[in-house]
Amino acid sequence: MSKKKGLSAEEKRTRMMEIFFETKDVFQLKDLEKIAPKEKGITSMSVKEVLQSLVDDGMVDCERIGTSNYYWAFPSKALHTRKRKLEALESQLSEGSQKHASLQKSIEKAKIGRCETAKQIK
C-alpha cells in the first residue's frame with residue numbers, strides 16, 4: 001500500500017501562480033476551486049488558504065467588485081517586484097559595505113598611538 005504524499009504549502013503556492021501566469025486571466029474563487037484540482041493537483045479545500053497567502057504576500061492582486069472578489073497575477077508584475085527587491089538589497093549591500101569600510105578606518109585610527117601590552121588584566 002503506497003500512500004500518496006500531499007503537496008507542501010510552497011508547492012501549492014508555486015502551482016497556483018502557474019495557473020495565473022499560464023492563463024493570464026482574472027478569476028473568482030469558485031473558478032480557481034474548480035481549475036486547481038484538475039490542472040495542478042491542489043485540493044479544492046486548500047485553494048482558498050493558498051490564494052489568501054499569495055494575496056497577503058502581494059504576489060496575487062485581489063479586488064472586490066460588487067459582491068465578488070476577483071484575483072489576478074501577471075508575470076510582468078512578478079518580474080518588476082523581483083527587480084525592485086533586488087535593487088533594494090543591492091543598495092543595502094552597498095550601504096553595509098560603506099559602513100564596514102568607515103568602521104575599519106575608525107579602528108585603524110584608534111590603533112594609532114596605542115601599544116600592545118603583554119600583561120593581561122584579570
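User: In the hairpin of S1 and S2, which residue takes a positive phi?

Analyst: This is a predicted model, so let's go to the turn itself. The hairpin has two residues between strands S1 and S2. The one with a positive phi, near 70°, is Gly66.

User: And in what sense do S1 and S2 pair?

Analyst: S1 covers residues 61–65 and S2 covers residues 68–72. Five bridges link the two strands, and the sense of the pairing is antiparallel.

User: Moving to the helices, how are H2 and H3 set relative to each other?

Analyst: H2 is residues 29–40 and H3 is residues 44–56. Their axes come within 9 Å and cross at roughly 120°. Angles of 65 to 115 degrees would count as roughly perpendicular and those over 145 as roughly antiparallel. The two helices are therefore oblique.

User: What residues meet where H2 contacts H3, and how many of them are nonpolar?

Analyst: From H2 you get Leu29, Leu32, Glu33, Ala36 and Pro37. They meet Ser44, Val47, Lys48 and Leu51 of H3. By class, one residue in this contact is polar and two are charged, while the nonpolar count is six.

User: How many Å separate the centres of domain 1 and domain 2?

Analyst: The domain assignment puts domain 1 at 9–73 and domain 2 at 75–121. Taken over C-alpha atoms, the separation of their centres is 41 Å.

Key:
Residues are numbered from 1 along each chain as its sequence is written. This is a predicted model: local features need pLDDT of at least 70, side-chain atom pairs count only at pLDDT 80 or more; totals for chains, interfaces and linings use all residues. Side-chain values use heavy atoms; hydrogens and water are left out. Axes are lines fitted to C-alpha atoms, for helices over the stretch in contact, and angles run from 0 to 180 degrees between N-to-C directions. Helices (H or I, at least four residues) and strands (E, at least two) are DSSP runs, numbered from the N terminus. Angles under 35 degrees count as roughly parallel, over 145 as roughly antiparallel, 65 to 115 as roughly perpendicular and the rest as oblique. Contact means heavy atoms within 4.5 Å. Ala, Val, Leu, Ile, Met, Phe, Trp, Tyr, Cys and Pro count as nonpolar, Asp, Glu, Lys and Arg as charged, and the others, Gly among them, as polar. Two strands pair if DSSP finds at least two bridges between them. Domain bounds come from an automatic or database domain assignment.
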